[in-house]
Amino acid sequence: MAQQQSSISDTQIQALNEALEQGVSPQVSMMLNSLSSADIAHLLESSPPKIRTLIWQLLEKELAAEVLQELGDDLRQFYLEQMNVDEVAALTENIDTDDLADMLQLLPDTITRQVLASMDAQDRHRVEQVLSYPEDTAGGLMNTDMITVRPSNTLDVVFRYLRRHPELPEMTDALLVVNRRDEFIGVLPISKMLTTHPSISVREVMQTDIQAIPASMPANKVAQLFERQDLVSAPVVDDEGKLVGRITVDDVVDVIREEGDHSLMSMAGLDEDADTFAPVLKTARSRAIWLGINLLTAFIASGVIGMFQDTIDKVVALAVLMPIVASMGGIAGSQTLTLVIRAMALGQIGQSNVRWLISRECIVGFLNGCLWAIVVSIAAMLWFKDPIISTVIALAMVANMLVAAIAGAGLPLLLKAMRIDPALAGSVVLTTVTDVVGFVAFLGLASYFFG
C-alpha cells in the first residue's frame with residue numbers, strides 16, 4: 001500500500017529539515033516519530049539524501065516497517081538493500097501479506113528465500129501464494145487475510161466466531177462464503193448481518209450475484225472493475241474457483257495512481273517510481289538511455305534534411321519555415337497519441353470501434369491541416385512574397401498533420417501488439433515519424449517546384 005496522500009505541510013517539512021540541519025536532538029526525534037507513517041514517507045521522498053539518512057536513523061523500528069510500506073519502489077528497495085536478512089525478517093511480523101510480497105519482490109532471490117525460511121509455516125504459505133502470481137495481476141494484489149464462513153451456519157454462530165478474533169481485517173465490508181471445497185459461492189455483508197435475526201442462516205441472507213475476480217486478471221482491469229461497481233473489496237479465485245484471497249480498495253487506489261504516474265513519466269522516458277531526490281549519477285544514468293535513443297532519431301531527421309541540402313542552399317526561406325511543419329505535425333500527433341493511450345488504459349478501445357476512431361482522427365487531422373495550412377500559407381506569402389513557397393508549405397502542412405493523426409492513432413495499437421509499452425515508446429517513434437514526414441513533404445515539394 002505505497003505512497004498514500006500525506007497530510008504533512010510544506011511548512012512542517014521545512015521546519016523538520018531545518019531542525020535536522022542543526023543536528024539530531026531528542027526533541028527532533030520525538031517530533032519525527034509522532035508523525036504518521038504516510039507523513040514520514042512523504043518527508044523522506046521530499047528530502048535530499050543527507051537528510052534522508054538522518055530521518056531513517058531516528059525512526060523507531062516498529063514505525064520503520066510501516067513507513068517502508070508507504071514508500072515508492074525505488075526508495076523502498078534502497079532501504080531494503082541496506083538491511084541484512086534478520087532485519088528484513090523482523091519487519092515481516094506486522095505487515096499485510098500483499099505488502100510483504102511487494103517488498104520481497106524487490107530483493108534478490110537468495111534473500112527472499114532466507115526471509116521466507118525464517119517465517120512460520122502458515123505465514124510463509126500465504127506469502128508464497130501471493131508471490132506465485134505476477135505482481136501486476138489480481139493474484140499479486142490480493143491479501144490472504146480474510147474471514148470465511150459456511151452457508152449452513154446461522155448468524156448467531158457467525159457472531160460467536162467473529163468474537164474470537166481480536167480484530168477484523170482492514171476494509172472488511174463483508175464475510176466471504178465458501179463451501180467445503182473452499183469454492184467461493186457468495187458474500188455476507190456486515191450491514192446485512194447486523195439487521196437480521198441471529199437465527200437466520202447465512203444461506204438465506206448471503207448475496208450470490210457477486211462476481212469473483214480471477215487471480216490472473218490484469219491489475220488495470222481490476223481497477224476498472226472497482227471503479228465501475230464502486231467496490232470496497234472483492235474476492236479473488238483461482239482457475240478452479242477456489243477462494244485464494246481478496247482485494248481491497250486501498251490497493252486499487254495504488255494501481256490507479258501508478259497507472260497515472262506511468263502514463264505521465266513514460267512520455268519523458270522515465271520510470272514512474274523514479275526518485276525525485278535520487279543521487280546525481282543514478283539520475284543521469286537512468287535518463288541517458290532515452291536521451292541516446294532520442295539522439296538517434298534526431299540524426300535520422302537530420303539525415304533527411306541533408307538529402308535536400310542543395311534545395312535549401314537555393315531557397316534560404318525553406319530553412320526558416322521548415323520547423324513549422326514538423327512542429328505542427330508533432331503537436332497534432334501527440335494529441336491523438338495521448339487520447340488513444342488514455343482510452344487503451346481505460347479499456348475503451350476494441351476491435352468494434354478501432355476503425356471508427358482511426359477514421360475520425362484522420363478526418364480531424366485533415367480538417368485541422370487545411371485550416372492551419374491556410375493560416376501559414378498566408379503568413380508565408382506576406383513574409384517572403386513568394387506564391388510557390390506559400391503553396392509548398394500549405395501542402396506539406398496538410399500531408400504531415402494527416403500522417404500525424406494516423407500515426408498517433410495507430411502507433412499505440414501497433415506497439416501494444418508488439419508487446420512494447422505505448423506510453424514509453426510512442427512519443428519517441430511519433431516524433432521521428434512527424435519530423436521525417438514533415439521534412440520529406442516540405443523539402444520534397446520544394447525540390448520539385450524549385451528544381
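Residues are numbered from 1 along each chain as its sequence is written, and side-chain values use heavy atoms, with hydrogens and water left out. Because the model is predicted, local features require pLDDT of at least 70 and side-chain atom pairs count only at pLDDT 80 or more, while totals for chains, interfaces and linings use all residues.

Helices are DSSP runs (H or I, at least four residues), numbered from the N terminus. The axes of α3 (residues 37–45) and α4 (residues 49–58) come within 9 Å and cross at roughly 155 degrees; axes are lines fitted to C-alpha atoms over the stretch in contact, with angles from 0 to 180 degrees between N-to-C directions. Helix α3 is therefore roughly antiparallel to α4 (the term applies to angles over 145 degrees). In contacts (heavy atoms within 4.5 Å), Ile-40, Leu-43, Leu-44 and Glu-45 of α3 meet Arg-52, Ile-55 and Trp-56 of α4.

Asn-17 lies in helix α1 (residues 10–21). Its relative accessible area of 15% makes Asn-17 buried (buried means under 20%, exposed over 50%, partly exposed in between; 1.4 Å probe, protein chains only). Leaving aside residues up to four places away in sequence, Asn-17 touches Leu-43, Ser-47 and Ile-51.

Three salt bridges are counted (a side-chain nitrogen of Lys or Arg within 4 Å of a carboxyl oxygen of Asp or Glu). Asp-156 pairs with Arg-160, the closest N and O atoms being 3.4 Å apart. Both residues lie in helix α12 (residues 155–163), four residues apart, or about one turn of the helix. Asp-156 is partly exposed at 33%, as is Arg-160 at 45%. Glu-183 and Arg-181 form a salt bridge at 3.2 Å, N to O; Glu-183 is partly exposed (23%), whereas Arg-181 is exposed (55%). In the Arg-360 to Glu-361 salt bridge, the closest N and O atoms are 2.8 Å apart. Here Arg-360 is partly exposed (30%) and Glu-361 is buried (7%).

Ile-388, Leu-395, Tyr-448 and Phe-449 make a nonpolar surface patch of about 420 Å². Helices α21 (387–417) and α22 (422–450) each give two or more residues to the patch. Patch residues have over 30% relative accessible area and no salt bridge, and nonpolar side chains (Val, Leu, Ile, Met, Phe, Trp, Tyr) are joined within 5 Å. Accessible areas come from the Shrake-Rupley method with a 1.4 Å probe. Phe-449, in helix α22, is partly exposed at 38% relative accessibility.

Terms used
Patches are made of residues with over 30% relative accessible area and no salt bridge: like charges are joined within 9 Å, nonpolar side chains (Val, Leu, Ile, Met, Phe, Trp, Tyr) within 5 Å. Angles under 35 degrees count as roughly parallel, over 145 as roughly antiparallel, 65 to 115 as roughly perpendicular and the rest as oblique.
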